[in-house]
Amino acid sequence: MIEKTTNIGIYWIRSDLRLHDNIALWEAAKSNKEIIIIYIKNLTTGPSKIIGAANLWIDKSLLELSYQYEKLFKLNLNIYDEDYISIFKALHKETNFTDLYINNTYDPEVDKIDKSIKKEFSNLFNVNSYNSSLLFKPNEILNNSGSFFKVYTPFWKNALNKLNLREPLPIPKINFIYKKDISSVKKSEINNQSKMWEKKTLSHFKPGEISARKMLGQIVIKIIDYSKDRDFPIKNNTSQLSPYLARGELSVNEIFYAIKKDKKKVNINDYAKFIAQLGWREFSYNILYNFPKLPHKNFNSKFDNFPWDKNDIKLSFWKKGLTGYPIVDAGMRELWATGYMHNRLRMIVASFLIKNLNISWVEGAKWFWENLFDADIANNSAGWQWVAGCGTDAAPYFRIFNPTLQSIRFDKDGEYIRKWIPELKDLPNKFIHSPWELTEMELISFNIKLGKDYPCPIVDHKTTRDEALRNYKEMNVSK
Ligand SMILES: Cc1cc2nc3c(=O)[nH]c(=O)nc-3n(C[C@H](O)[C@H](O)[C@H](O)COP(=O)(O)OP(=O)(O)OC[C@H]3O[C@@H](n4cnc5c(N)ncnc54)[C@H](O)[C@@H]3O)c2cc1C
């Protein structure tokens, strides 16, 4: 322990943009130290560097949080945008603080930073770190031989047996504040993102803890029939809490607690299915923790020499929602317009990119990372590796979604497609999934000219599916 010279502590906000159920903030406040609160922009430079949509979300959320700190505690939220070592050196020189309070992010890049801070400053201040973002520390759920689980079902079964939910913490009372202004970035500079992203948030989501809590208040209603309908994008009955979880505006503990508290009002199947999804998030972090290269390296190394096609033109058609497969294009356009995509669509568009366009999952993961408000380094990497078949407990390589059949099954009446591809709105339900099946004359009668109003399919599903299967077999990727 550091010998006490001052009574000053710093709470460092990272992926925990909230006041409620925040252990590090709670402990800092409870310590009765004079508190300084900081946030460091551009902390990481590798695969988890925050860019695009998530960057805007964080700016908006930070802005709200800084108003909240000001309103509730007359406390200044100090934002920095420099190298973390020099920030802590300068802060220590200026204040002589003795304790740093952080919630672990379990992002391998941030974990490295935390380790280096502990090493560099071991004789200057204590680093007090907590798990406030997961139900279980990622190394907590182990199998009988002491190794991490690579298969979801036994992982979650084991985890549920060990589950011990905390009663969520309220906003703490912060009694002592370090008064001197040490901010090097003015608050007005927080919100400096481009108008393009701005439009997306304003129309579909509202970042920040206040909105997150409003949505949490409606969670029981939101997930009615979740087990039955969650795969149908137009039904819109998933929680849409992912951006708030990814940025830590809500804790998973609090979500789980809220559902459990109201369990009587929730159908047992909906309850089990919904918490199982929270379990996938835990599972993804368990994998990432044990295989930190997950964002860019195949978990199954047999995929390392896979003959991916580096085809920027096809990749750009996919990104723009111009593949000629309506369900794929609708998903990609939803992502572009809203910064969100329904889970069923994430699977369909990912499968199409990897298995029909033969483009590496890494390219898809990068596009999602830039465009999703809920971009989450564990969920995104694990999700992509799952679809590619190279992750742990992944979809088998031979499971290649047929986009047309997926479309018929999960968007039978084409409502989701019509929402995102208005140029196809006049097509009858039977053909909206596969407009190329109509003749040119028939298409004209529905106000469509393929190749002009809407693209012809950029690849043939059956041919590319067969090629993918051949590649997979030749590479002998099956486990
Ligand atoms: C290729 C691909 C990429 C993905 N990228 C991300 C990402 O960057 N960030 C992200 O949060 N999720 C990602 N997912 C998982 C999932 O699609 C989203 O979490 C979900 O669609 C978010 O919507 P929701 O909040 O309404 O989910 P709900 O169905 O309401 O689920 C509740 C919560 O459980 C978690 N969850 C749900 N499904 C999964 C899953 N399959 N894996 C891990 N956690 C899950 C999320 O935190 C979600 O908010 C990805 C999935 C795929 C197939």
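What you have open is a predicted model, where local features need pLDDT of at least 70, side-chain atom pairs count only at pLDDT 80 or more, and totals for chains, interfaces and linings use all residues. Residues are numbered from 1 along each chain as its sequence is written.

The C-alpha atoms fill a box of roughly 80 × 50 × 50 Å along the principal axes.

Next, select the ligand. Which residues come nearest to it? Of the 27 around it, they are Thr-238, Ser-239, Ser-242, Asn-380 and Gly-383 (a residue is near if its C-beta atom, placed from the backbone, lies within 6 Å). Now color H10 (242-246), H12 (268-290), H15 (343-356) and H17 (377-388): each of these helices supplies at least two shell residues.

Why does the ligand lie between two domains? Select domain 2 (134-166 + 198-290) and domain 3 (301-474): both give residues to the shell, so the ligand lies between them. Those bounds come from an automatic or database domain assignment.

Last stop: helix H16, residues 361-371. Show its buried residues, among them Trp-361, Phe-368 and Trp-369 (buried means 20 or more other C-beta atoms within 10 Å of its own, all placed from the backbone). H16's buried residues pack against H2 (52-73), H13 (312-320), H14 (326-338), H15 and H17.

How values were computed. Helices (H or I, at least four residues) and strands (E, at least two) are DSSP runs, numbered from the N terminus. A residue is buried if 20 or more other C-beta atoms lie within 10 Å of its own, exposed if 12 or fewer, and partly exposed in between; C-beta atoms are placed from the backbone. Two residues are in contact if their C-beta atoms, placed from the backbone, lie within 7 Å.
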